Amino acid sequence: MVGALMILGAYAANQLRWLGPQDVSYALINAAGAGLLSFVAIVERQWGFLLLEGVWTLVSLWALLRLLGERKAGGRSPTGR
């Protein structure tokens, strides 16, 4: 339940314009929520659910690392955009 609430909360915050996709907290909440749901999928042997949440976790972590890299580089992306 906590993982689902985290993902839904991040989505609602995005829709209400409280958080945007470029916010580190948005990516962090998504990654943590999807990671929790991935764990549940492993324990319950729900392979389709694991595929969904595992990919969601990986994409969210990639976005989080990209955002943190941009922040470390002074707000610029590695391509200079």
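Arginine 17 is placed in the loop between helix 1 and helix 2, where helices (H or I, at least four residues) and strands (E, at least two) are DSSP runs numbered from the N terminus. The structure is a predicted model, in which local features need pLDDT of at least 70, side-chain atom pairs count only at pLDDT 80 or more, and totals for chains, interfaces and linings use all residues. Residues are numbered from 1 along each chain as its sequence is written, and side-chain values use heavy atoms, with hydrogens and water left out.

Arginine 17 follows helix 1 and adopts a positive phi of about 65 degrees although it is not a glycine. With a relative accessibility of 77%, arginine 17 counts as exposed; the classes are buried (under 20% relative accessible area), exposed (over 50%) and partly exposed (in between), computed with a 1.4 Å probe and protein chains only. Arginine 45 is located in the loop between helix 2 and helix 3, and its relative accessibility of 62% places it in the exposed class. After helix 3, a positive phi of about 85 degrees is found at glycine 74.

The protein chain as a whole contains 3 helices and 0 strands, arranged along the sequence in the pattern α-α-α. Its C-alpha trace spans about 45 × 25 × 15 Å along the principal axes. Of the 81 residues, 32% count as buried. Contacts (heavy atoms within 4.5 Å) were also examined by sequence separation: among those with a separation of 6 or more, 52% join residues 24 or more positions apart. The chain carries 7 positive and 4 negative side chains, the centres of the two sets being 12 Å apart. In this count Lys and Arg are positive and Asp and Glu negative, with His and the chain ends not counted; each charge is placed at NZ of Lys, CZ of Arg, CG of Asp or CD of Glu.

Helix 1 comprises residues 2-15, and its 14 residues should span 20 Å at 1.5 Å a residue, which agrees with the 20 Å between its end C-alpha atoms. The expected span is defined as 1.5 Å times one less than the number of residues. Gly3, Ile7, Ala10, Ala13 and Asn14 are the buried residues of helix 1. They lie on the same side of helix 1, because they cover an arc of only 130 degrees around the axis; the arc is that of the directions from the helix axis to the C-beta atoms. Val2, Leu5, Leu8 and Gln15 are exposed on the other side of helix 1. The cover over the buried residues of helix 1 includes helix 2 (24-44) and helix 3 (47-72).

Helix 2 consists of 21 residues and reaches 30 Å from its first C-alpha to its last, close to the expected 30 Å. Its buried residues are Val24, Tyr26, Ala27, Asn30, Ala31, Gly33, Ala34, Leu37, Ser38 and Ala41, and helix 1 and helix 3 are among the elements that cover them. Valine 24, which has a relative accessible area of 16%, is therefore buried. Residues up to four places away in sequence aside, valine 24 touches Leu64, Leu67, Leu68 and Arg71. Valine 24 and glycine 35 are separated by 11 residues in sequence and by 16 Å in space, C-alpha to C-alpha.

In helix 3, the 26 residues should span 38 Å at 1.5 Å a residue, and the end C-alpha atoms are 37 Å apart, which agrees. The buried residues of helix 3 are Glu53, Gly54, Thr57, Ser60, Ala63, Leu64, Leu67 and Glu70, and these pack against helix 1 and helix 2. Glutamate 53 has 5% relative accessibility and so counts as buried. Not counting residues up to four places away in sequence, glutamate 53 touches Ile7, Ala34, Leu37 and Ser38. From glutamate 53 to alanine 31 the C-alpha to C-alpha distance is 9.4 Å, the two residues being 22 apart in sequence.
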